[in-house]
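Reader: I am new to this structure and would be grateful for a close look at a single part of it. Please describe that part in one connected account.

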Amino acid sequence: MERTLILVKPDAMQRGLAFEVLGRLERRGLKLAGLRLLQVDEAMAKRHYGEHEGKPFFEGLVEYITACPIVAAVFEGPDAVAAARQTMGSTKPTEAAPGTIRGDLGIEIGRNLVHGSDSAESAEREIGIFFEGHPVTTWERGTDAWAFE
Ligand code: DAT
Ligand code: MG
């Protein structure tokens with residue numbers, strides 16, 4: 001089963017949208033496998049967003065993601081990475097389709113509410129960053145056969 005790492009970013013935390021974001025992914029059929037409330041520090045932010053180091057928005061991105069506690073979640077399911085990103089919508093909220101988290105709840109790219117891994121490999125790397133020393137559990141859901149064929 002594929003896994004993906006989801007972060008409820010500080011804007012969603014401040015706006016009281018943590019469970020709105022997580023609930024949309026859960027209702028999609030994805031299965032929760034790990035959950036943490038944590039404060040991201042600068043080192044963790046730079047490790048997570050390393051691919052963007054040197055870009056003009058990098059410093060702002062680090063400041064944003066470290067601004068207050070966030071929720072980190074692991075969801076699993078068939079095609080979990082693609083399913084989560086589809087439910088999140090495009091990076092730029094004004095280009096995200098209505099019905100998506102970013103399309104319904106966001107306006108600015110630097111306040112786009114949620115992070116989702118961009119590949120199965122990124123997911124495993126990011127789960128390593130955010131769940132180091134913390135349990136990630138695979139469990140049998142009674143409804144699995146009705147969500148996953
Ligand atoms: P995504 O979060 O959809 O995977 P990404 O990995 O390309 O997008 O970028 C990570 C985050 O960085 C993104 O959620 C918001 C910010 N970002 C990306 N491009 C940006 C830009 N051109 N200006 C400002 N912020 C940007
Ligand atoms: Mg990305």
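Author: K31 is placed over the face of W139, and the distance to the ring centre is 5.9 Å. This placement, like every value that follows, belongs to a predicted model. Where ring-to-ring pairs are concerned, the count of aromatic pairs is 0.

The account now turns to the ligand. The space that ligand 1 takes is the largest pocket. Around ligand 1 stand K9, Y49, H52, F57, L61, R85, T91, R102, I109 and N112.

In the side chain of K9, an N or O atom is 3.0 Å from an oxygen atom of ligand 1. For R85, a polar side-chain atom likewise lies 3.0 Å from an oxygen atom of ligand 1. In the side chain of R102, an N or O atom is found 3.3 Å from an oxygen atom of ligand 1. As for cover, ligand 1 on its own has 510 Å² of accessible area, of which the protein covers 74%.

Definitions and conventions: Residues numbered from 1 in each chain as written. Chains lettered and ligands numbered in written order. Predicted model: local features only at pLDDT ≥ 70, side-chain atom pairs only at ≥ 80, totals over all residues. Heavy atoms only, no water. Near = heavy atom within 4 Å. Polar contact = N/O pair within 3.5 Å; in protein donor to acceptor, adjacent residues only side chain to side chain. Areas by Shrake-Rupley, 256 points an atom, 1.4 Å probe, with all protein chains shown as cover. 1 Å grid on protein atoms, 1.4 Å probe; cavity = no way out; pocket = protein on both sides within 12 Å on 5 of 7 lines; lining within 4 Å. Sits in = over half its atoms within 2 Å of the grid points. Phe/Tyr/Trp six-rings, centres within 6.5 Å; stacked < 30°, edge-to-face > 60°. Lys NZ or Arg CZ within 6 Å of the ring centre and 35° of its normal.
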